[in-house]
Amino acid sequence: MAPNDSAQATDEARDPGAGRRKAARYLVPVGVAGVAAATIGLVPALAAAGDPSLPKISAQQLIEKMAASDTQQLSGTMKITTDLGLPGLGSLGSFAPKGGGSDKSASPDAKLTELASGTHTLRIAADGPDRQKVSILEDAAEYSLIHDGNDVWAYDSGSNQVFHSQKSAAGAAGEHGKKAPDAGVPTTPKALADQFLKNVDPTTAVSVDGTAQVAGRDAYQLLIKPKQSGSTIGSVRIAVDAKTGVPLKFTLSPSAGGKAVVDAGFTKVDFSKPSADTFRFSPPKGAKVTEDDGKQKQTYKPEQGLPGGLGNLGDAKNTKVIGKGWTAIAELDTGGKGMPKADNGEGGGDAQKFLDSLGDKVSGKFGTGTVFKTRLVNALITDNGKVYVGAVTKDALIGAANSAK
């Protein structure tokens, strides 16, 4: 059907209300953290029967529908495809290295870096805020994260290794007002949508852009676009289930065109209560079990990788933010250290050529430096030790460096 006549000014959608704040983060298991969490995408299977005919709805009404959604039970299948324009990162996430491996080899933060590139299949289940399961399905193995009450298990069937951690009931609820460890990690369409919607400001245009079918369900499409030029993000499209208000698909398209950088959605989804057996886990016979010693800390902030979230980098030492909204750029001072140099020993010349080939040499009023690019986030490292990073174009980085005091 034709797009709904419902383009809204951003300030109308600036505060979706308390409903979204009370929505449970039931789809994200405790301990799911790491850079991959902010960048993974899920590619849904779309019905070929054409777009459904649904009653018209405004962008504000659709955001309110998402905020008011209290769905806490579902199961389904997803496909993960991420294209940042980087080589495969599977080796960085390997949890069974040669030579015996690490005693924390099944820990989620190690495994999930593999989701930062390539295509993967996930199976998920959720039953309220205390029970969730996410399984990464591979050709000959399966990696599962299971949250059941105070227990969190991670199991790799390929290496037969288990990682286990526990938390108190107080900790599960957010002791002393702190968020539970699972809060805010964007690993589903809903969590990704929440991250972008909370940063909606006057630099953003929000509208309803037609309808679609995702995993066999009718959905409205919420379109979010930057008003500013210079962002690497062209648009964010969220398919919202017409009945439940649950985001079924999240697509982040680059301003330069081409296929999506992030595409998040369901291939199958069922909103009935999953079986209790789904969340029960006991280590298989012979499995190596690693108990969490409590010393690991989650230092990664997923919002740092998103527009508007760059302001959170202002807490770091020698860091400030230039601009705002979709074109915000973080400026960091490394203390005069520019690009790393290769050793001058045997093969040093070739190593230096390799380092130089990773980026584009640039110059301006700031001096000289190197720009490192992905399809989403770019960084300029100047030869005098300044770093400029953001979801912006190379020209925007050079402009920020030229204007910096």
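User: In this predicted model, which residue of S18 is the bridge partner of Asp333?

Analyst: Lys386 is the S18 residue that bridges to Asp333.

User: What makes S14 and S18 a pair?

Analyst: Count the bridges: strand S14 (residues 329–333) and strand S18 (residues 386–390) are joined by 4, and the two run antiparallel. Pairing takes at least two bridges, so S14 and S18 qualify.

User: How do you know that helix H8 packs on the sheet?

Analyst: Look at what H8 (residues 394–403) touches: S13, S14, S15, strand S16 (367–373), strand S17 (378–382) and S18. Contact here means heavy atoms within 4.5 Å, so those strands have atoms within that distance of H8. The direction of H8 makes about 40° with that of S17.

User: In what order do the strands of that sheet come?

Analyst: The 6 strands run S13-S14-S18-S17-S16-S15, forming an open sheet with antiparallel pairing.

User: Why are S13 and S15 called edge strands?

Analyst: Strand S13 (319–322) and strand S15 (360–364) each have a single partner strand, so one side of each has no neighbour in the sheet. From one strand to the next, the twist averages 25°.

User: What makes S15 and S16 partners?

Analyst: They share 5 bridges in the antiparallel sense; at least two are needed, so this is a pair. A hairpin of 2 residues links S15 to S16.

User: There's another sheet, with 12 strands; what kind of pairing does it have?

Analyst: Mixed pairing, in an open sheet ordered S7-S8-S9-S10-S11-S1-S2-S3-S4-S5-S6-S12. Strand S7 (204–214) and strand S12 (288–291) are its edge strands, each pairing on one side only. On average, neighbouring strands are turned by 20° against each other, direction ignored.

User: How do you know that S2 and S3 pair?

Analyst: Strand S2 (residues 118–127) and strand S3 (residues 131–137) have 6 antiparallel bridges. The cut-off is at least two, so S2 and S3 count as paired. Within that pair, Ala126 stands opposite Gln132 in S3. Helix H6 (residues 189–197) packs on this sheet too, touching strand S8 (217–226), strand S9 (233–241), strand S10 (247–254) and strand S11 (262–270). Its direction makes about 55° with that of S10.

User: Which residues of helix H3 are called buried?

Analyst: In H3 (residues 59–68), those are Ala59, Gln60, Leu62, Ile63, Met66 and Ala67. Buried means under 20% relative accessible area, so each of these falls below that cut-off.

Methods. Residues are numbered from 1 along each chain as its sequence is written. This is a predicted model: local features need pLDDT of at least 70, side-chain atom pairs count only at pLDDT 80 or more; totals for chains, interfaces and linings use all residues. Side-chain values use heavy atoms; hydrogens and water are left out. Axes are lines fitted to C-alpha atoms, for helices over the stretch in contact, and angles run from 0 to 180 degrees between N-to-C directions. Buried means under 20% relative accessible area, exposed over 50%, partly exposed in between (1.4 Å probe, protein chains only).
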